[in-house]
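Here are some notes to read alongside the coordinates. Please keep the model open while going through the points.

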Amino acid sequence: MISFDTIEWRSVFNPELAVDAFPYILGGLGHTLWISLLSMAIGLGLGLLLALARLSTSRVLRIVATLYISFMRGVPILVLLFMLYFGLPVINIQLDALTAAVAGFSLNSAAYMAEIIRSSLLSVDRGQREAAQSLGLSRYRVFVGIILPQAVRLAIPPLSNVLLDLVKASSLAAMITVPEIFQRAKIVGGREFDYMTVYFVIAFIYWGICAVIAAGQEVLERRFARYL
C-alpha cells in the first residue's frame, strides 16, 4: 500500500526550480519549432509527390512510391535518425545534428502524409472531374482548381495530427544532441538531480504548442467549411 504521507513532494515538483529553469529550457523552443515546421513543409511537398506517384498510371512509379511508404512507416524514427547522424559518416557524408533531424523527420512524415493526401484526393467525387473535363478544362486545371481544394479540406484534420506528432517526436532529436527543449531539460535535470520537475515543465510547454496548433486547425476547418 502506498503511503502519500512519506512522499517528499518537492522531489516530485519543485516550483522554484521550475521557475528558474523555465527560461533556459524555453531557449530550445526555436530548435523544436524549426524541426517541426520545416519537416512538415518538406514532408508535405514530398508527400504530395508520393501520393501522385501512387495514383499514377505508371507501374514503376506506383511500386517505388509504395515501397518507400512501406519502409518509412515500418522503421522507427529513432533508427532513421541514428542512420543519418551516426551511419552516413561511414560513407563520408557528415550531417550536423539539426540537418539530420530535419531530414529524418521529413523523410518519415512524408510517408504518412502521402497516404493522407492520396485518400483525400480519392475521396473527391469522380463525377466532378468528369464534368469539368467534359467542359473542356485541362487535366491540370481540373486538378488544381477543383480536386485539390476539396482534398485540402478533407486532409486538414489528419495533417494537423501529423504536425502534432512531429512536435512531440522532435524530442527524439535530443538523442543526436540537438539542443531543443527536451535536451535542455535533461541538462537541467542532471545538474539539479531533479528530473521530475523539469519533465513537468516541458510537458506543459509541449501541451501549449499543441494547443496552439489545434486552435489553428479549428480555424482552418471553419474557413474551408464555408465553401461546402
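1. Helix 6 passes helix 8 in a right-handed crossing. Keep in mind that this is a predicted model. The two axes, for residues 97-123 and residues 139-169, come within 8 Å. They cross at roughly 145°.

2. Which residues make the contact between helix 6 and helix 8? Helix 6 contributes F105, S109, M113, I116, S120, L121 and S123. Helix 8 contributes F143, I147, L148, A151, L154, A155, P158, L159, V162, L166 and A169. By class, the residues of this contact divide into 15 nonpolar, three polar and no charged.

3. Next, the record. UniProt, in an unreviewed entry, places the feature "domain: ABC transmembrane type-1" at residues 29-214. In the model, that span is 82% helix and 0% strand. Its end C-alpha atoms lie 18 Å apart.

4. Is Q217 buried or exposed? Q217 has a relative accessible area of 16%, under the 20% cut-off, so it counts as buried. The residue sits in helix 10, residues 195-225. Leaving aside neighbours within four places in sequence, Q217 is in contact with I156, P157 and S160.

5. Now the aromatic rings. How many aromatic pairs are there? The count comes to six. One of them joins Y85 and F86, with 4.8 Å centre to centre and 75° between the planes. That pair is edge-to-face, because its angle is over 60 degrees. Ring pairs also link F82, Y85 and F86 into a cluster.

6. Accessibility for the Y85 and F86 pair should be read residue by residue. Y85 has a relative accessible area of 18% and is buried, because the limit is 20%. F86, at 46%, counts as partly exposed, because that value falls between 20% and 50%.

7. F182 and Y199 form another aromatic pair, this one stacked. Y199 has 34% relative accessibility and counts as partly exposed.

8. Q217 is buried, whereas Y199 is partly exposed.

Note on methods: Residues are numbered from 1 along each chain as its sequence is written. This is a predicted model: local features need pLDDT of at least 70, side-chain atom pairs count only at pLDDT 80 or more; totals for chains, interfaces and linings use all residues. Side-chain values use heavy atoms; hydrogens and water are left out. Axes are lines fitted to C-alpha atoms, for helices over the stretch in contact, and angles run from 0 to 180 degrees between N-to-C directions. Helices (H or I, at least four residues) and strands (E, at least two) are DSSP runs, numbered from the N terminus. A crossing is left-handed if the near helix is turned anticlockwise from the far one by less than a right angle, and right-handed if clockwise. Contact means heavy atoms within 4.5 Å. Ala, Val, Leu, Ile, Met, Phe, Trp, Tyr, Cys and Pro count as nonpolar, Asp, Glu, Lys and Arg as charged, and the others, Gly among them, as polar. Buried means under 20% relative accessible area, exposed over 50%, partly exposed in between (1.4 Å probe, protein chains only). UniProt positions are given in the numbering used here, feature names are shortened, and annotations may be inferred rather than shown by experiment. Rings of Phe, Tyr and Trp (its six-membered ring) pair if their centres lie within 6.5 Å; planes under 30 degrees apart count as stacked, over 60 as edge-to-face and the rest as tilted.
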